[in-house]
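Dear colleague,

I am handing over the structure that we talked about, and below it I have set out what was found in it. Please keep it open beside you while you read.

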Amino acid sequence: MTEQKVEQRSAMVCTYLDRVEALYRDVQQWCTTLGLIVTQGTVELNEEGLPRYDAPCLHIARDGAHIADLVPAGASVIGAQGRVDLVGRIARQALLFQIGKGPTISKRTVVDGKTTDGGPERPMIPGINGDGWYWLEPPARRAKHVDETLFGDLLRDVSDYDLR
Amino acid sequence: MIFGNPLQPIYDAFVVANDCFKVAVRAAKGQETHLLGRTQFFGATSTEAETAVLDASNQASDLVILALFATFERWVIEHLQGASGLIAGGYPVDYSASLANKFEKAVERWRVEEVLDLFKVEVDQQLIMQAKQIKKYRDWIAHRNPQKALPPKATPEVTFDVLSDLIEQIRTTHAPSPLAASA
């Protein structure tokens, strides 16, 4: 592997870890509002084409009862720029980092058997508007930006824990 | 949503299965015996029920990716086999019929990565690349060698979107134009 490629891949990991840290800062704040205790741990990731690296994970609990974990799932994911999983006692939800409008699709048309450019690109996943962490709503597959309200909903969903 | 998407029933079943997992764990926690008869949740503790459901939910997420890709692969093969009609219309007739027959059988054994390259011109290149990555992740799920590094991961939602968009683009660009059909 060339030195340039190694640098690019290390930069990819650093960017991912910065994004994960930013998410965790928000989560810490949201969890404090909900009266939850957050502790940090570490997991090792081994992704194809990237050096092995340690990434932080979060354990969320209340009154000694474990509620959920935020587990980094990788910098290299399909259709996004990184992934963190919210894993509770009964379910797992994937949070995906997206940039701009997210992945786009260009349309082609065939006229007289010849392929031509079919016009402007369209977003592959609706609902992405700006850099940030998103969750894909399963039936509609529409992206929703992860904010305090959505995070609380997802926490209830994965843990079946009454957060009131 | 695309009309007649062969992947839709698989994805819908996955979403329903996940809903059922949640309902099951709620019923098990309350030990609502009229709901739990003849299931493994009858008499199970909350922790046992939660562990069983989380394991099943993780398995379902992996299995739906296997199922979506297998169905997509079958659809692509059948689409290619449709081209045997063009070969069969050649000259001489018997030779063309044999060639078409051989083509139809050979297509079944083509590597899907190479098949996807056939659509490179008419279909968005990003979609083709993502479909190849999904194939790689599908293989990783199927063999699950802990010694091997994890390829780029896919979620069921993104897998469904990428493969559905590919089917839609192939269908749209490969449909004969009305002008050509009437000529």
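In which loop of chain A does A:R141 lie? A:R141 is found in the loop between β10 (132-137) and β11 (142-145) of chain A. Please bear in mind from the start that this is a predicted model. The phi angle of A:R141 is near 50°, which is a positive value in a residue other than glycine. A:R141 counts as buried because its relative accessibility is 14%, and buried means under 20%.

A positive phi also turns up in chain B, where B:Q31 has a phi near 45° and is likewise a residue other than glycine. B:Q31 sits in the loop between α1 and α2 of chain B, just after α1(B). With a relative accessible area of 27%, B:Q31 is partly exposed, since that term covers values between 20% and 50%.

Another backbone feature of chain B is a cis peptide bond, which joins B:Y91 and B:P92 with an omega of about -5°. B:P92 is placed in the loop between α4 (84-88) and α5 (93-107) of chain B. In helix α5 of chain B you will find B:S96, which counts as buried because its relative accessibility is 2%. Leaving aside residues up to four places away in sequence, B:S96 touches B:I87, B:A88, B:G90 and B:Y91, and B:Y91 is one of the two residues joined by the cis bond.

Rolling a probe the size of a water molecule over the atoms shows where empty space is left. The largest pocket has a volume of about 830 Å³. It is lined by 37 residues, and those closest to its centre are A:R92, A:Q93, A:A94, B:F14 and B:S61. The elements that give two or more residues to this lining are β5 (92-98), β10 and α2 of chain A, along with α1, α3, α7 (125-143) and α8 of chain B. The largest share of the lining, 7 residues, is supplied by α3(B). Sorted by class, the lining of the largest pocket holds 18 nonpolar, 7 polar and 12 charged residues.

The second largest pocket contains about 420 Å³ of space. Its lining is made of 22 residues, of which A:V77, A:G79, A:A80, A:Q81 and B:Q130 lie nearest its centre. Two or more residues of that lining are given by each of α1 (3-33) of chain A and α7 of chain B. By class, the lining of the second largest pocket has 11 nonpolar, 10 polar and 1 charged residues.

With best wishes

Key: Residues numbered from 1 in each chain as written. Chains lettered and ligands numbered in written order. Predicted model: local features only at pLDDT ≥ 70, side-chain atom pairs only at ≥ 80, totals over all residues. Heavy atoms only, no water. Helix = DSSP H or I, 4+ residues; strand = E, 2+ residues; numbered from the N terminus. Buried < 20%, exposed > 50% of the residue type's maximum accessible area, 1.4 Å probe, protein only. Contact = heavy atoms within 4.5 Å. 1 Å grid on protein atoms, 1.4 Å probe; cavity = no way out; pocket = protein on both sides within 12 Å on 5 of 7 lines; lining within 4 Å. Points joined across faces, edges and corners; volume = space filled by probe spheres on them. Nonpolar A, V, L, I, M, F, W, Y, C, P; charged D, E, K, R; others polar.
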